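Please look over the structure shown here before reading the briefing that follows. The points are grouped by topic and are meant for someone meeting this structure for the first time.

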Amino acid sequence: MTDDGLRLIAAALAVGIGAVGPGVGIGVIFSGALQAMGRNPEAEGTLRTYMFLGFALVEALFIFALVIALLIAFRIV
Amino acid sequence: MTDDGLRLIAAALAVGIGAVGPGVGIGVIFSGALQAMGRNPEAEGTLRTYMFLGFALVEALFIFALVIALLIAFRIV
Amino acid sequence: MTDDGLRLIAAALAVGIGAVGPGVGIGVIFSGALQAMGRNPEAEGTLRTYMFLGFALVEALFIFALVIALLIAFRIV
């Protein structure tokens, strides 16, 4: 058990745990948008705008985790 | 306990934990789409579009975790 | 504590943690379908279609974790 093995564990934990929250969060955003569209289809344009805004902001969290995981996996840090 | 054993643990953690968030998130998206379709069946086309869009974006999170897991499992990183 | 023991732990973690998210997600999908069917029984056919589609897509996440677990357990990786 050397630091090289722990490096793999660290990369896996970063990308794995980092996907938990955004996976749930993006799902909740789309679910809310879908229900609002079903209730009021005329609002689709506005809902789409905010849906993508929310998606991008949640996705950003995962991108940070992914960047850290790649930095660790490819021995940059 | 060598790095080779830790490599297996790392691959398992990446794909295992990486499936938690998207598993819940995709479920929530389909649940929202189903409820919106039950309430307003005429909106099925629009809802289907956004449902698959949301599914693809959440699935992407899992794909990243799976790619990291395969990179680790097959000794690429 | 050798790599052979870690291999067992890794297979267990992959399939165990990998079942958490899809387990909740499939439950949420069926719950949403049931509520939509209770509200609007005429939509049962459409709802059933999307319910099984969602089930299959979430189940796929678990299948990936299961495949990784089997690859680990049977010493393929």
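In this predicted model, S31(B) is in contact with V28(C), I29(C) and G32(C), once its neighbours within four places in sequence are left aside. S31(B) belongs to helix 1 of chain B, which covers residues 3-39, and with a relative accessible area of 9% S31(B) is buried.

**Confidence in the prediction**
- The predictor assigns the complex an ipTM of 0.94 and a pTM of 0.95.
- For chain A the average pLDDT is 96, and 100% of its residues score at least 70.

**Annotated spans of chain A**
- An unreviewed UniProt entry lists residues 7-30 and 50-74 of chain A under "transmembrane region".
- In the model, residues 7-30 of chain A are 100% helix and 0% strand, with the end C-alpha atoms 35 Å apart.
- Residues 50-74 of chain A are 96% helix and 0% strand, and their end C-alpha atoms lie 36 Å apart.

**Helix 2 of chain A**
- This helix has 30 residues and reaches 42 Å from its first C-alpha to its last, which is close to the 44 Å expected at 1.5 Å a residue.
- Its buried residues include M51(A), G54(A), F55(A), V58(A), E59(A) and F62(A), and what covers the buried residues of the helix includes helix 1 of chain A together with helix 2 of chain B.
- After helix 2 of chain A comes R75(A), whose phi is positive, near 55°.

**Aromatic pairs**
- Over all chains the count comes to five aromatic pairs.
- In one of them, the rings of F30(A) and F55(A) have their centres 6.4 Å apart and their planes at 75°, and because an angle over 60 degrees counts as edge-to-face, the pair is described in that way.
- This pair links distant parts of the chain, with F30(A) in helix 1 of chain A and F55(A) in helix 2 of chain A, 25 residues apart.
- Both partners are buried, F30(A) at a relative accessible area of 0% and F55(A) at 13%.
- F62(B) and F64(C) form a tilted aromatic pair, 5.7 Å centre to centre and with 50° between the planes.
- F62(B) lies in helix 2 of chain B and F64(C) in helix 3 of chain C, so this pair joins two chains.
- F62(B) is buried at 0% relative accessibility, whereas F64(C) is partly exposed at 35%.

**Salt bridges**
- The count comes to nine salt bridges over all chains.
- D4(A) forms a salt bridge with R75(A), and the closest N and O atoms of the two are 3.2 Å apart.
- Since D4(A) lies in helix 1 of chain A and R75(A) in the segment after helix 2 of chain A, the pair ties together parts that are 71 residues apart in sequence.
- D4(A) is partly exposed at 32% relative accessibility, while R75(A) is exposed at 52%.
- D4(A), R7(A) and R75(A) are linked in a network of salt bridges.
- In chain C, R7(C) forms a salt bridge with D4(C), the closest N and O atoms being 3.9 Å apart, and both residues lie in helix 1 of chain C, three residues apart, about one turn of the helix.
- R7(C) is buried at 13% relative accessible area, whereas D4(C) is partly exposed at 37%.
- E44(C) forms a salt bridge with R48(C), with the closest N and O atoms 3.3 Å apart, and both lie in helix 3 of chain C, four residues apart.

How values were computed. Residues numbered from 1 in each chain as written. Chains lettered and ligands numbered in written order. Predicted model: local features only at pLDDT ≥ 70, side-chain atom pairs only at ≥ 80, totals over all residues. Heavy atoms only, no water. Buried < 20%, exposed > 50% of the residue type's maximum accessible area, 1.4 Å probe, protein only. Contact = heavy atoms within 4.5 Å. UniProt positions renumbered as here; feature names shortened; annotations may be inferred. Phe/Tyr/Trp six-rings, centres within 6.5 Å; stacked < 30°, edge-to-face > 60°. Expected span 1.5 Å × (residues − 1). pLDDT = per-residue confidence, 0-100. Salt bridge = Lys/Arg side-chain N within 4 Å of Asp/Glu carboxyl O.
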